[in-house]
4 protein chains.
Amino acid sequence: MSSTFGVLFKISTWGESHGAGIGVVIDGCPPRIPLSPGEIDAELRRRRPGQSDLTTPRKENDKVEILSGVSDNGETLGTPIALLVRNTDARSSAYDEMQHTYRPSHADYTYDAKYGIRAWAGGGRASARETIGRVAAGAVAKAVMHVLCPQLDVLAWVEQVGDVRCEVESDKVRREEVESNEVRTADATSALKMRELITTARSKGDSLGGIIRCVVRNAPAGLGDPVFDKLEATLAHAMLSIPACKGFEVGSGFGSARLMGSEHNDAFYMEGARVRTRTNHSGGIQGGISNGEDILMRLAFKPTATIMMEQETVTDAHEMATLRGKGRHDPCVLPRAVPIVEAMAWLVVVDHVLRQQACKTL
Amino acid sequence: MSSTFGVLFKISTWGESHGAGIGVVIDGCPPRIPLSPGEIDAELRRRRPGQSDLTTPRKENDKVEILSGVSDNGETLGTPIALLVRNTDARSSAYDEMQHTYRPSHADYTYDAKYGIRAWAGGGRASARETIGRVAAGAVAKAVMHVLCPQLDVLAWVEQVGDVRCEVESDKVRREEVESNEVRTADATSALKMRELITTARSKGDSLGGIIRCVVRNAPAGLGDPVFDKLEATLAHAMLSIPACKGFEVGSGFGSARLMGSEHNDAFYMEGARVRTRTNHSGGIQGGISNGEDILMRLAFKPTATIMMEQETVTDAHEMATLRGKGRHDPCVLPRAVPIVEAMAWLVVVDHVLRQQACKTL
Amino acid sequence: MSSTFGVLFKISTWGESHGAGIGVVIDGCPPRIPLSPGEIDAELRRRRPGQSDLTTPRKENDKVEILSGVSDNGETLGTPIALLVRNTDARSSAYDEMQHTYRPSHADYTYDAKYGIRAWAGGGRASARETIGRVAAGAVAKAVMHVLCPQLDVLAWVEQVGDVRCEVESDKVRREEVESNEVRTADATSALKMRELITTARSKGDSLGGIIRCVVRNAPAGLGDPVFDKLEATLAHAMLSIPACKGFEVGSGFGSARLMGSEHNDAFYMEGARVRTRTNHSGGIQGGISNGEDILMRLAFKPTATIMMEQETVTDAHEMATLRGKGRHDPCVLPRAVPIVEAMAWLVVVDHVLRQQACKTL
Amino acid sequence: MSSTFGVLFKISTWGESHGAGIGVVIDGCPPRIPLSPGEIDAELRRRRPGQSDLTTPRKENDKVEILSGVSDNGETLGTPIALLVRNTDARSSAYDEMQHTYRPSHADYTYDAKYGIRAWAGGGRASARETIGRVAAGAVAKAVMHVLCPQLDVLAWVEQVGDVRCEVESDKVRREEVESNEVRTADATSALKMRELITTARSKGDSLGGIIRCVVRNAPAGLGDPVFDKLEATLAHAMLSIPACKGFEVGSGFGSARLMGSEHNDAFYMEGARVRTRTNHSGGIQGGISNGEDILMRLAFKPTATIMMEQETVTDAHEMATLRGKGRHDPCVLPRAVPIVEAMAWLVVVDHVLRQQACKTL
């Protein structure tokens, strides 16, 4: 269990890499939200392999089919929305070796330990194809928010690949810049350097990790449910559930460890009728509840586990073995992880908006 | 909503700082687990203010009352366990100013934004006293695990305060060392330096943040529910729900961003009949499921928001104001956060152990 | 697990008959709802034993303590509301025999079968004292509804005891009539007959069952979540969770089996601007959603299991035995079940109102 | 929200009558359970229209596609199982009138009241086609139980149609008898009478209701979670969520109202090493927990709402109108409701078995 996420805007994803398809059911989407397959496909294209020469050349021409929950004229019905993306281009043969040999730092061994069985081809449920369901559901969440909270926006970008870091102020970053380069970083110079790093890693059969930054802009004050479903806690849950994510920070994050309270506290002031803070070390969240400032997150991603180099490992018969990655893989997952991060942020935010609506007494 | 945590070992905490008390109800505790108030009080003592001269001199002589769910001879009944700790030593007068003036980087403004009302005295629900319920429930979780999974242990310690860092290998740290110094760090030298830093900060009316490391030892392979309730995702949720926590890492964490796949991957090998990994960048979790290695986490905590210095702020009437912290506060929360971190780890682990039991087919 | 009920207005009850007390935590109560202990005590008095000579003479002078979630001036804070009622007048000795001998048609054997342990004194968790938490939480739900949906009302009464039946039209019944007689039936004549029946049964050491009718008036159209949380499905869940409840009907109920569609269908018509139905066989619910008509339910209750007559049974050592009920018990639970039924109805309705608020898009 | 059911064996159904299809996602199915599409199709055939001349002649040649969660060699993977049945034979034109005119005792008006929008063709989400997801998931639950609890069985049959009642002792009924007649009642004589009644009703354009009996045999003692998720409470929830179900009884049900405690109590005795009861008024459940006896339920179903007779109603513009049913409908839903009732029982039972496994301490 646990392919289910969300309290009120509840999604259940399903699907293995080499099964019939990947999908998601959304239970709890409000009615009368305009929604078209095109909006979902647009997000899926951003996640798709083969979108640039930096990603795996696998061709996954994913197009969503809306199976339920949307009326003929394109409005949500309030009933569950089922979305299906069929699997194609599955070359199981590339994975034959994986049937009995555990890939290092993959989920092969642990799935066997947990379930006593696994769909080995393409990584099965642990494949990155699983994230299709998230991205599709995130597109629906975004459509809901455009109605309920139209000013709110979510933007993510690659801040770091290996040791190349893109230094920008988060409130200056624009979506057009991010989408204009294949790395999805925030400036052209960094994009070039990151691209070179990724190309080099791939030529060596090696891989790279990095950091993604995500900002939620114009969130209303009041989102987040203390004490266990603090906004940052549910965001952390969402982000750490993304494959390869190893760390999460909100606001000052790990940097807060070195600051004094006098440096870290965010002084309040009035900007017209609006309560603002002079600084934003809180990352837009105080006591688990949004304060109206930008919600700032940083996420660490490990380097892709599949590398084209020989590695020591064991088989499911518990014999020593070596394994060299095959198949078509991204040397760096970050460019394609950007829409996944955004999708998870949309899913968390829409759920908290509905939860906040629920307890309104005015 | 959301003072509820856990799927099968489900806890609901309640209580405001200056209300009648603080408590927790545990629904889903297995039956016939030996449990005494003494075990719970022992953990509460580690959380308690006034335990050393580094913490607030507030005296909270918290003792738990077990109201239900435990038989006369000290075994759990399988029915809900209600735990109550009465509030005492509440000096609301120290907080008078807080009634209308928002403390910077506290939850005063956001609670008002969310609820339109708040229990201002002592921070109300956002007070650190709320964590009593967590620590008490964590002690129960620990008692359950001693029966279901006796070899498993959870250990946390202060790794960093301000810029003083305790460099130890996590598998060398022993509980006795940690508990032998009032900072709860892993070696005596660091303890002295951290102590000095905290004392200095307090004398200036300022505060400090830091980093806590937590390790779960001897967890069986197979814990964690992909895809959304990955073990690291639920741990991150748990940890980021702790007041003042700003960041979470599992295994290599943010450091993974700078490693190549060939450096980061954890090669498998056989140690007798057991599958092991040569390194542990994965932090004991692969694909969201434990692999039997130590589960390694790091958590960032911001400096205490209450400082004895004048700060700019606004009132609930939206007028500019200044505020200087009063009352009795910890200049650094980390020593007392250690048992809270451990409690949250126990709660996550016991829930996953029960979930794993549920789906056994053999 | 499962002492938790509700999706958004979530209650967790706890407590054994002869433990320290009985209580409930409500997580998800909206803020700024006026709430006083008096409102809760008023409902508890209706549930209390000893309120008339028809009920057990046990004296349970239950008064609630609000431990959290309510401000000093009596408004809910939006945070969890913890309610505590201390146990008193516990005469465990009256139950000594129960320690090893299973009472027929009680939960002694099944608790042992499930948990391998049980709090035998007074029935432990399976005691009717458990319903104190429900009634207290129901009083809070009622207070919330008075703000969110002030026209809505819930009324229950005893329709039948043994074979004495009170024939009234449900829309004619008034609360004053019901509360004016100790049986809580809807007219004085039936009250007398039922009283006689109960008195006779008690004098024989025997017991009686019966039927309670419950109506929710002035519910807005639109409550209820198809398909699994249909309004009648959650009501049935709530009612069948009450001790001794054996059956549930909505609208035409079992009587619908003998009607033709042409007799059963509720024709629509306009009453001014409001859509109404000519008849109400649907019981105010169509497709799981309220249609604005009265929501009509009937609930069957079995006769009290404890009787003062010798019965065949077995011990926990699996030896044959006989048992004669002792202690002080109601010969008929129905008069005291009325406020419990109402409480469960309030809890279901408030949850659906909050759920409906959550998905509003206008 | 609420197309989701179950705590550990969690199903999410989706689909409108005239949309692309109907389906279900099962999250929490244990791994390594043998499962084939054939087992699911076999149950779907029992639910299917057109299986006899007593049901609607609509042809729904439903075949399931297993989209995920099952390995190539037919074992569950422990990951979500997605099942899809495509819609075919959809004649929307038969429903044109329904677009603006509310069918009496259908869900047209209430869906509009709740969502402000509805998929009118064929009843949309409120169509009986929705139950395909339940039956398919129930078949999976049954497959799980065959591994975890192979002796347990669920059997339902039609006890009453209109005023024709099949009087049999529930422990005598065999599946072969039930499946051998098109009404799915328990003896041939009743079958003939019921058949005649249904045929007559259809010839008049009218419809019939009735009663289904369901028994769970050989359930182990110990299933069911007090206090809110009592076994009978979750069964009632499940059954009342079935379209047209108006009442639920467990054991003595409404009949218990007329019994004295001395008549109703089930005396315990030993049958070898097994604790048994002499009678079974409890219906196999005491204190919300199974006691090992047969679990006995009775369910009332109202007559089909669609009748071929002119009825008074209103339009969505709130104007008076008349409506005569069109399309192809069952004059009595009971024969096809039998497999739905069984499916819901399997779903409840498997969930409680997994919940019971979760809290085992031995």
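Which residue of chain B comes closest to the rotation axis? In this predicted model, that residue is B:Ala358, whose C-alpha lies at 2.0 Å from the axis.

The model has an ipTM of 0.97 and a pTM of 0.97. For chain A, the average pLDDT is 94, and 96% of the residues reach a score of at least 70. Where pLDDT is low, the predicted coordinates should not be read in detail.

Two copies of a chain are related by a rotation about an axis and a shift along it. Superposition of chain B on chain D requires a turn of 180° and a shift of 0.0 Å along the axis, and leaves an RMSD of 0.0 Å. Chain D is likewise brought onto chain C by a turn of 180°, with a shift of 0.0 Å along the axis and an RMSD of 0.0 Å.

In the contact of chain B with chain D, 16 residues of chain B meet 16 residues of chain D. On the chain B side, helix 3 (131-148) and helix 8 (334-358) each supply at least two residues. Helix 8 of chain B provides the largest share of this side, with 4 residues. By class, the chain B side comprises 9 nonpolar, 4 polar and 3 charged residues. The copies meet through the same surface, because 100% of the interface residues of chain B are also interface residues in chain D.

Within chain A, helix 8 (residues 334-358) packs with helix 6 (residues 231-240). Their axes come within 9 Å and cross at roughly 145°, and the crossing is right-handed. From helix 6 of chain A, the residues in contact are A:Leu231, A:Thr234, A:Leu235, A:Ala238 and A:Met239. They meet A:Val341, A:Met344, A:Ala345, A:Leu347, A:Val348 and A:His352 of helix 8 of chain A. This contact contains 9 nonpolar and 2 polar residues, and no charged residues.

Chain D contains an open sheet of 5 strands in the order 1-2-3-5-4, with antiparallel pairing. Strand 1 (4-5) and strand 4 (65-66) of chain D stand at the edges; each has a single partner strand, so one side of each is left without a neighbour in the sheet. Strand 3 (residues 21-27) and strand 5 (residues 81-86) of chain D are joined by 6 bridges in the antiparallel sense. Among these residues, D:Gly21 has D:Arg86 of strand 5 as its bridge partner. Helix 3 (residues 131-148) of chain D packs on the sheet and touches strand 2 (10-15), strand 3 and strand 5 of chain D. The direction of this helix makes about 35° with that of strand 3 of chain D.

A hairpin is found in chain B, formed by strand 15 and strand 16 with 5 residues between them. Strand 15 (residues 310-314) and strand 16 (residues 320-324) of chain B run antiparallel and are joined by 5 bridges. B:Val314 has B:Met320 of strand 16 as its bridge partner. In the turn, B:His318 has a positive phi of about 65°.

Key
Residues numbered from 1 in each chain as written. Chains lettered and ligands numbered in written order. Predicted model: local features only at pLDDT ≥ 70, side-chain atom pairs only at ≥ 80, totals over all residues. Axes fitted to C-alpha atoms, helices over the stretch in contact; angles between N-to-C directions. Left-handed = near helix turned anticlockwise from the far one by under 90°. Contact = placed C-beta atoms within 7 Å. Nonpolar A, V, L, I, M, F, W, Y, C, P; charged D, E, K, R; others polar. pLDDT = per-residue confidence, 0-100. Least-squares fit on C-alpha atoms with pLDDT ≥ 70 in both. Pairing = 2+ DSSP bridges.
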